[in-house]
Amino acid sequence: MSGSIASLSRSGTTFIVSANSFRTRVKICGITRPEDGRKAAQLGADAVGLVFHERSCRAVDRATAQAVIDALPPFVTVVALFQDPQAAFVRQVLRELRIDLLQFHGDEAPEFCEGFHRRYIKAIPMGEPGDPKAWVARYPSAVGFLLDSHSRGASGGSGEIFDWARVPHDAGVPLILAGGLSPENVGGAVRQARPFAVDVSTGVESAPGVKDPELMAAFISEVSNVHQGD
Ligand SMILES: O=C(O)c1ccccc1NCC(=O)[C@H](O)[C@H](O)COP(=O)(O)O
């Protein structure tokens, strides 16, 4: 994949926003076991996601989250994922664990997301009609947006895709493509949507919350192949 890197200023910061001439980042979400986090990092994942939404089959308690974090080498971003949490719970997680980035997957207001003075990404529910750029405008302090296939009020991590043609190429912020990605479809998804990063959970699992090393390897390899012209 070739072409110029798109960048522009948002809140005084310059972002590199599209996957034209650099590699697409990979986040493996819903890690519940230290060995899965370690393997994801070894394979080249840029980030891992820890789900702190208690109704999720991938929810981790703080002790498990700590064990996953302890298994990670430097330079792997730890993302803590919440869906309409109590502020006190987010603060507790931030106090106890080394979290690099917050991800809000529910109906949290911008003021709520900003209230923790931590960098955050906001999930956009692509399971319903609407222009993703309206969400971008509503959350000026978000450092990125994760486009997932859930509807508003529903949870993510469903393993379902949405129409990648709806991903704007001119949003001006880092977009993270999620929802039903797998080793089979991620190459095509990156070519079509040209996201800053991709995020996967179900597509690299052998069972809910259990990541499969071969599927993770295949997924990361498919993403890097896009940039090597395969
Ligand atoms: O993963 C969950 O169980 C979950 C629960 C509540 C809110 C969000 C959740 N997951 C969101 C994500 O981790 C990503 O959007 C995900 O990687 C995409 O999931 P998938 O379609 O399974 O690849």
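User: What should I know before reading it?

Analyst: Residues are numbered from 1 along each chain as its sequence is written. The model is predicted, and local features need pLDDT of at least 70, side-chain atom pairs count only at pLDDT 80 or more, while totals for chains, interfaces and linings use all residues.

User: Which residues of helix 1 are buried?

Analyst: A residue is buried if 20 or more other C-beta atoms, placed from the backbone, lie within 10 Å of its own. Helices are DSSP runs (H or I, at least four residues), and strands are runs of E of at least two, numbered from the N terminus. In helix 1 (residues 34-43), the buried ones are D36, G37, A40 and A41. Down the helix axis they fall within an arc of 135°, so they line one face of the helix; the arc is that of the directions from the axis to the C-beta atoms.

User: Is A45 buried or exposed?

Analyst: A45 lies in the loop between helix 1 and strand 4. A45 counts as buried because it has 25 C-beta neighbours inside 10 Å.

User: Which residues does A45 touch?

Analyst: Contact means C-beta atoms, placed from the backbone, within 7 Å. Leaving out residues up to four places away in sequence, A45 touches V26, K27, I28, A40, V76 and I220.

User: Which residues meet where helix 6 contacts helix 7?

Analyst: V186, G187, V190 and R191 in helix 6 meet F219, E222, V223, N225 and V226 in helix 7.

Terms used: Buried ≥ 20, exposed ≤ 12 C-beta atoms within 10 Å, placed from the backbone. Contact = placed C-beta atoms within 7 Å.
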